[in-house]
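Hello,

Here is the structure I promised to pass on to you.

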Amino acid sequence: MNSIQKNRLKDQLFKFWGIACTLIGLVLLVIFIGGILVDGLSRIDWAFITDLPSRKPEKSGIWTPLMGSIWILVLTAIISFPISVAAGVYLEEYAKKNRLSALLEINISNLAGVPSIIYGLLGLEVFVRIMNLGASVLAGALTLSLLILPIIIVATREAIKAVPSSIRDASYALGASKWQTIWNQILPASSGGILTGIILALSRAVGETAPLIVVGALAYVPFAPQGPLDQFSVLPIQIFNWISRPQQGFIDNAAAAIIILLLITFIMNGIAVYFRNKWQKKLQ
Amino acid sequence: MRKIKELIIEKSLLSSALVTIAVTIGIILVLAIEAFLFFKEVSIFDFFTDTQWTPLFTEKHYGILPLLSGTLLTTFIAISVALPIGLSISIYLSEYAPRSFRKTIKPLLELLAAVPSVVYGFFALVVVTPYLQQFMPSLSGFNSLSAGIVMGIMIIPFVSSLSEDALFAVPKDLREASYGMGATRLQTAFKVVVPAASSGIIVSIILAISRAIGETMIVAIAAGQQPRLTLDPTVPVETITAYIVQVSLGDVQHGSLEYRTIFAAGITLFVFTFLLNTLSFRIRKKYREKYE
């Protein structure tokens with residue numbers, strides 16, 4: 001074999017290695033999820049969704065953590081949406097190239113890399129202790145809102161950047177002010193991209209466990225929260241709690257609850273991708 | 001009138017942007033104040049040199065080293081999994097794969113990062129550890145090996161996605177010049193494209209390391225809760241993040257020394273990830289200037 005053939009062979013070998021690497025993660029994920037479906041699917045019925053927690057695995061349901069997750073999701077969306085979109089609009093449309101905007105930029109990029117558990121420590125001290133909200137749904141939602149702030153800000157900026165400048169110019173040419181242009185033209189044109197970012201950020205929030213544990217969310221709550229100041233649990237914490245128990249019955253419960261959690265996560269991701277595709281087509 | 005309205009709107013948008021600065025200041029203040037109160041009672045020297053971490057026992061030791069070694073060990077294992085696989089994926093996708101395959105596979109890979117980490121923790125404890133125990137009977141039920149491997153799988157998309165962007169951004173002329181000299185795709189990839197995209201690849205690795213250091217639920221579930229200074233991947237360890245979770249689950253009095261340990265641990269974690277993130281931001285800035 002001469003050196004040309006050798007090099008071609010190496011080239012081919014790397015190609016197969018590359019395909020194998022690309023698929024291995026996905027194959028493992030499919031195996032994992034398959035195993036979970038086997039363990040947990042038989043456990044899922046209507047009673048599992050609507051039952052309150054119990055000491056006996058076969059009687060336990062996910063009603064309280066499921067409601068907790070929904071409360072957290074809604075409150076987090078309400079809190080984070082206006083702040084992060086406003087911040088994104090400011091950075092993209094108003095910020096001049098000065099030291100402040102450079103600082104904001106490096107700061108947001110840094111915040112995106114701060115481990116989620118650190119946000120938990122911030123929430124514990126500021127929302128739970130200083131603002132005296134206790135280990136409430138509101139304290140948890142505020143904490144997660146700060147966590148997903150950088151994600152939505154970045155998505156908003158990307159979406160606004162993608163709006164063609166012709167739309168902007170046309171609006172100014174008609175005598176619209178800067179805010180009128182943003183409110184009536186830029187935001188509607190970028191709404192698909194912003195929406196995608198928000199849904200993706202919320203799907204991240206729904207799977208977050210550590211910051212809520214630090215804030216003081218409980219593994220066992222007898223009733224679903226009735227208001228924003230009630231104590232709460234969420235699905236991932238319930239799963240964590242069930243995993244840490246020795247009985248097989250609870251492991252099956254954990255698998256069943258994971259199926260529900262993954263379903264929520266994947267549906268949210270699917271909706272986000274749908275909106276992104278629709279929006280990108282509209283832009284073109 | 002219109003001018004005033006515009007100004008009010010601009011200022012309120014600015015104040016929203018300033019919230020992000022407030023968050024950073026808040027994090028630093030909270031961690032610094034509680035850690036300061038902690039170090040009033042525990043000497044910094046002991047904190048960095050004591051080889052035991054037992055704040056919840058009767059005989060208390062406050063040495064961060066065991067938690068740090070647990071964190072670095074799981075991170076090292078995760079990176080050893082994610083780096084070769086993630087880099088191979090990025091090279092394959094940018095240099096070999098057909099466009100359509102690349103377009104469908106990228107969002108699927110992102111899915112790996114979208115799965116909540118508590119789910120990965122379940123995989124590590126219930127699937128991977130029992131599987132590995134078939135070949136390694138001495139493997140403990142909680143260990144850094146399976147936690148690290150599973151964490152590595154989770155961060156594959158962090159490495160592959162960013163590296164692939166960097167590789168893809170390398171100008172076509174460089175590749176064509178290399179092909180023109182008779183080089184294969186493999187030679188072109190490793191001798192031309194990867195070196196040209198090296199800063200972007202380094203950024204992706206740094207971000208993956210930072211992500212692995214801060215990862216919590218996988219290690220809290222699968223690596224155990226026994227702080228020990230060891231590099232043995234088969235025994236239970238405890239990471240900084242897992243310790244914070246352990247204390248938060250218990251009933252610790254606000255203002256007590258035990259309560260402050262989580263902030264001392266937290267500031268250590270924060271400093272590490274902050275340095276890594278700042279480094280990656282600097283490199284990215286420099287690299288952007290090079291190509292645009």
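**The chains**

Please keep in mind that this is a predicted model. Confidence in chain A is given by a mean pLDDT of 91, with 100% of its residues at 70 or more. Within chain A, helix H2 (residues 46-50) has the lowest confidence, with a mean of 86. The highest value in chain A belongs to H6(A), at 95.

What secondary structure does chain A contain? There are 11 helices and zero strands in chain A, so if you follow its sequence you will read α-α-α-α-α-α-α-α-α-α-α. Chain B has 12 helices and, again, zero strands. Its pattern along the sequence is α-α-α-α-α-α-α-α-α-α-α-α.

For the dimensions, the C-alpha atoms of chain A fill a box of roughly 75 × 70 × 35 Å along the principal axes. The C-alpha trace of chain B spans about 75 × 70 × 35 Å along its own principal axes.

**The domains**

In chain A, the domain assignment gives domain 1 (3-43) and domain 2 (48-283). The C-alpha centres of these two domains of chain A are separated by 32 Å. Where they touch, seven residues of domain 1 of chain A are in contact with eight residues of domain 2 of chain A. On the domain 1 side, four of the residues are nonpolar, one is polar and two are charged.

Chain B is divided into domain 1 (2-41) and domain 2 (65-291). Here the C-alpha centres lie 30 Å apart. Eight residues of domain 1 of chain B are in contact with eight residues of domain 2 of chain B. The domain 1 side of that contact in chain B has six nonpolar, no polar and two charged residues.

Two packed helices are described by the angle between their axes and the distance between the axes.

Start with H1(A) and helix H11 (residues 248-283) of chain A, whose axes come within 8 Å and cross at roughly 120°. That angle makes H1(A) oblique to H11(A). The crossing of H1(A) and H11(A) is left-handed. From H1(A), the contact uses Ile33(A), Ile36(A), Leu37(A), Asp39(A) and Gly40(A). From H11(A), the partners are Asp252(A), Ala255(A), Ala256(A), Ile258(A), Ile259(A) and Leu262(A). By class, this contact of H1(A) with H11(A) has eight nonpolar, one polar and two charged residues.

Next come helix H6 (residues 137-161) and helix H8 (residues 178-207), both of chain A, with axes that come within 8 Å and cross at roughly 150°. Because angles over 145 degrees count as roughly antiparallel, H6(A) is roughly antiparallel to H8(A). Their crossing is right-handed. Among the residues of H6(A) in this contact are Leu144(A), Ile148(A), Ala155(A) and Glu158(A), and those of H8(A) include Ile186(A), Gly193(A), Ala201(A) and Arg204(A). The contact of H6(A) with H8(A) has 13 nonpolar, five polar and two charged residues.

How do H6(B) and H9(B) run relative to each other, roughly parallel or roughly antiparallel? The axes of helix H6 (residues 144-168) of chain B and helix H9 (residues 198-214) of chain B come within 8 Å and cross at roughly 155°, and H6(B) and H9(B) are therefore roughly antiparallel to each other. H6(B) passes H9(B) in a right-handed crossing. The contact includes Met151(B), Phe158(B), Leu162(B) and Asp165(B) of H6(B), along with Ile201(B), Val203(B), Leu207(B) and Arg211(B) of H9(B). In this contact of H6(B) with H9(B), 12 residues are nonpolar, three are polar and two are charged.

**Where the chains meet**

Finally, the interface: 66 residues of chain A are in contact with 68 residues of chain B. Which helix gives the most to the side of chain A that touches chain B? Helix H1 (residues 3-40) of chain A does, with 18 residues. The side of chain A that touches chain B has 43 nonpolar, 16 polar and seven charged residues.

Enjoy exploring it!

Best wishes

Key
Residues are numbered from 1 along each chain as its sequence is written. Chains are lettered from A and ligands numbered from 1 in the order in which they are written. This is a predicted model: local features need pLDDT of at least 70, side-chain atom pairs count only at pLDDT 80 or more; totals for chains, interfaces and linings use all residues. Two residues are in contact if their C-beta atoms, placed from the backbone, lie within 7 Å. Helices (H or I, at least four residues) and strands (E, at least two) are DSSP runs, numbered from the N terminus. Ala, Val, Leu, Ile, Met, Phe, Trp, Tyr, Cys and Pro count as nonpolar, Asp, Glu, Lys and Arg as charged, and the others, Gly among them, as polar. Axes are lines fitted to C-alpha atoms, for helices over the stretch in contact, and angles run from 0 to 180 degrees between N-to-C directions. Angles under 35 degrees count as roughly parallel, over 145 as roughly antiparallel, 65 to 115 as roughly perpendicular and the rest as oblique. A crossing is left-handed if the near helix is turned anticlockwise from the far one by less than a right angle, and right-handed if clockwise. Domain bounds come from an automatic or database domain assignment. pLDDT is the predictor's confidence in each residue, from 0 to 100.
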